[in-house]
Amino acid sequence: MNMRIDTNTKYQTSDLACAAALSLFFAIESVDKADPRRAYFLFERTPKLDTVLGKYQKQELRVEPRAYFDQIKALKTRLYEPV
């Protein structure tokens, strides 16, 4: 079952690196694992999220390296836990 996403109020990404960076600042609302080949991380879209996302895309976002590494590990755990 594919979720219908309102892109005005929600942001979704299947990019693990992007999701890890965003999740250092914002809570992940859910992880959509309906597609067996790809999971999507869902965030509430806010102006602040759009700003942080823009900095990430322009490679201007600065985060503490250890926190980022730990966050990637935590997201991988969420990906592989049973539904």
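A residue is called buried under 20% relative accessible area, exposed over 50%, and partly exposed in between, with a 1.4 Å probe and protein chains only. By that scale Q59 is exposed, because its relative accessibility is 66%. The model is predicted, so local features need pLDDT of at least 70 and side-chain atom pairs count only at pLDDT 80 or more, while totals for chains, interfaces and linings use all residues. Residues are numbered from 1 along each chain as its sequence is written, and side-chain values use heavy atoms, with hydrogens and water left out.

Helices (H or I, at least four residues) and strands (E, at least two) are DSSP runs numbered from the N terminus. Q59 sits in the loop between α2 (47–57) and α3 (65–80). Although Q59 is not a glycine, it has a positive phi of about 60 degrees. The loop between α2 and α3 also holds V63, which is partly exposed with a relative accessible area of 31%. Together with L24 and F25, V63 makes a nonpolar surface patch of about 210 Å². Such patches are made of residues with over 30% relative accessible area and no salt bridge; like charges are joined within 9 Å, and nonpolar side chains (Val, Leu, Ile, Met, Phe, Trp, Tyr) within 5 Å. The areas come from the Shrake-Rupley method with a 1.4 Å probe, and for residues only the protein chains shown count as cover.

Helix α2 contains Y56, partly exposed at 23% relative accessibility. Y56 and A19 are 37 residues apart in sequence, and their C-alpha atoms are 10 Å apart in space.

Next come the strands, where two strands pair if DSSP finds at least two bridges between them. Strand β1 (residues 10–13) runs antiparallel to strand β3 (residues 38–44), joined to it by 4 bridges; Q12 has L42 as its bridge partner in β3. Strands β2 and β3 are also antiparallel, over 5 bridges, and they form a hairpin with 2 residues between them. In this pairing, D35 has R38 as its bridge partner in β3.

A salt bridge is a side-chain nitrogen of Lys or Arg within 4 Å of a carboxyl oxygen of Asp or Glu, and by this rule the count comes to 4. One of them joins K10 and E29, at 3.0 Å from N to O. This pair links distant parts of the chain, with K10 in strand β1 and E29 in strand β2, 19 residues apart. K10 is partly exposed at 24%, and E29 is partly exposed at 39%. Another salt bridge joins R37 and D35 at 3.8 Å, N to O. Here R37 is exposed at 77% relative accessibility, whereas D35 is partly exposed at 22%. In helix α3, D70 and R66 lie 4 residues apart, about one turn of the helix, and their side chains meet in a salt bridge at 3.3 Å, N to O. D70 is partly exposed at 34% relative accessibility.

D32, in strand β2 (residues 28–35), is buried and has no salt bridge; the nearest side chain of opposite charge, K33, is 9.5 Å away. For charge, Lys and Arg count as positive and Asp and Glu as negative, while His and the chain ends are not counted. A polar atom of the D32 side chain does lie 2.9 Å from the backbone nitrogen of A34.

Notes. A polar contact is a pair of N or O atoms within 3.5 Å; within protein, one must be able to donate a hydrogen and the other to accept it, and residues adjacent in sequence count only if both atoms are side-chain atoms.
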